[in-house]
Amino acid sequence: MIYPWQQQQWHRMMQLKQVQHMPHAVLLYGEEGSGKVDFAQSLATALLCRQPGQNGEACGHCDSCRLIAAQTHPDFSVLKPIPPEKTKSKKPVLNIRIDEIRRLCSKLSSTSQYEGYRIAIIEKADKMLVQAANALLKTLEEPGDQTLIILVTSRPHRLPVTVRSRCQSLRFPQPGEKLALGWLQAQGIKMPEVALKYAHGAPLRALNQHEESLEQRELLAKALLARLNGESSLAYAPKLANLPKDISMGWLMDWVNDLVRLKNTELNSSIINEKNRPYLIKLAQGSDLKRIFALNDMVIGYIRKETIALNLQLVWENLLISWDSL
Ligand SMILES: [Zn+2]
């Protein structure tokens with residue numbers, strides 16, 4: 001799928017295709033949640049399609065398009081980070097290992113089954129381990145005819161320069177607010193402004209945060225504003241403990257960051273919890289910056305700990321007490 005904010009990047013790739021200057025490797029980089037992986041998929045499908053449309057997009061019904069949809073196209077592969085073998089951790093670190101890259105490269109160097117492109121997408125390419133990146137380098141240095149490697153990342157600086165320098169880079173900035181809001185509205189998202197703010201301007205992330213999560217965010221807002229409203233915040237701890245830890249802690253970080261911003265910069269500076277700006281200003285004015293930073297460290301500490309080792313109700317009680325005494 002090509003999103004409305006990716007037209008420029010799409011035209012650039014199609015122009016290169018038209019003049020037969022398609023690079024052997026492209027690096028799609030930019031903000032998380034702007035749809036880079038979807039773009040990569042569309043580009044691969046378009047190049048493999050037998051009857052692409054006028055703007056170069058895949059037809060969606062030829063043999064090739066069907067094989068891709070069924071994830072069985074012999075000349076197309078997708079690589080993503082995976083957990084290490086034999087891990088017992090519930091939250092293992094995901095990586096792209098050398099054996100995966102070797103397999104991919106050998107597939108890319110074998111003869112095309114359909115007499116066309118051989119294409120590989122590497123998602124979150126910054127997760128390649130050093131040896132894996134080195135193994136890829138060989139294929140990047142001596143690519144076969146009609147091969148395309150599409151690397152996708154939101155952290156391009158973490159890729160070795162040797163890899164980056166062999167790819168044609170294509171940047172995907174966050175779309176303009178107007179374009180993103182129009183698109184979210186067309187997807188049937190209620191309160192698109194709020195959703196987009198919470199998603200830090202990334203429309204796909206906003207789309208994935210469905211209404212349920214908006215309700216959960218409301219719950220956190222009520223807990224954090226309880227003291228200002230003369231209520232007890234601790235009453236919310238059991239309910240907050242039922243929310244997915246990393247997500248709810250990430251929301252709390254948004255509140256903490258908003259406070260820091262209001263404390264350190266102008267009162268009209270841009271914040272995530274726009275809806276609650278008057279409350280946040282009140283809180284910021286009566287709070288101590290050192291304590292805000294201490295709370296910030298506390299939240300990061302809890303995010304890093306494995307959920308299983310935590311009594312989440314106690315954690316939330318601690319956090320709310322700290323928040324109330326900022
Ligand atoms: Zn097709």
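1. Let's start with the fold: the protein chain has 15 helices and five strands. Those are DSSP runs, numbered from the N terminus (helices are H or I with at least four residues, strands are E with at least two).

2. A word on what you're looking at. This is a predicted model, where local features need pLDDT of at least 70, side-chain atom pairs count only at pLDDT 80 or more, and totals for chains, interfaces and linings use all residues. Residues are numbered from 1 along each chain as its sequence is written.

3. Next, the layout. The chain splits into domain 1 (4–173), domain 2 (175–209) and domain 3 (210–324), with bounds from an automatic or database domain assignment. Over C-alpha atoms, the centres of domain 1 and domain 3 are 39 Å apart. Along the principal axes, the C-alpha atoms of the chain fill a box of roughly 70 × 45 × 35 Å.

4. How much of the chain is buried? Of its 326 residues, 33% are (buried: 20 or more other C-beta atoms within 10 Å of the residue's own, with C-beta atoms placed from the backbone).

5. Leaving aside neighbours within four places in sequence, Ile150 is in contact with Val26, Leu28, Ala40, Leu43, Ala44, Ile119 and Ile121 (contact: C-beta atoms, placed from the backbone, within 7 Å).

Key:
Buried ≥ 20, exposed ≤ 12 C-beta atoms within 10 Å, placed from the backbone. Contact = placed C-beta atoms within 7 Å.
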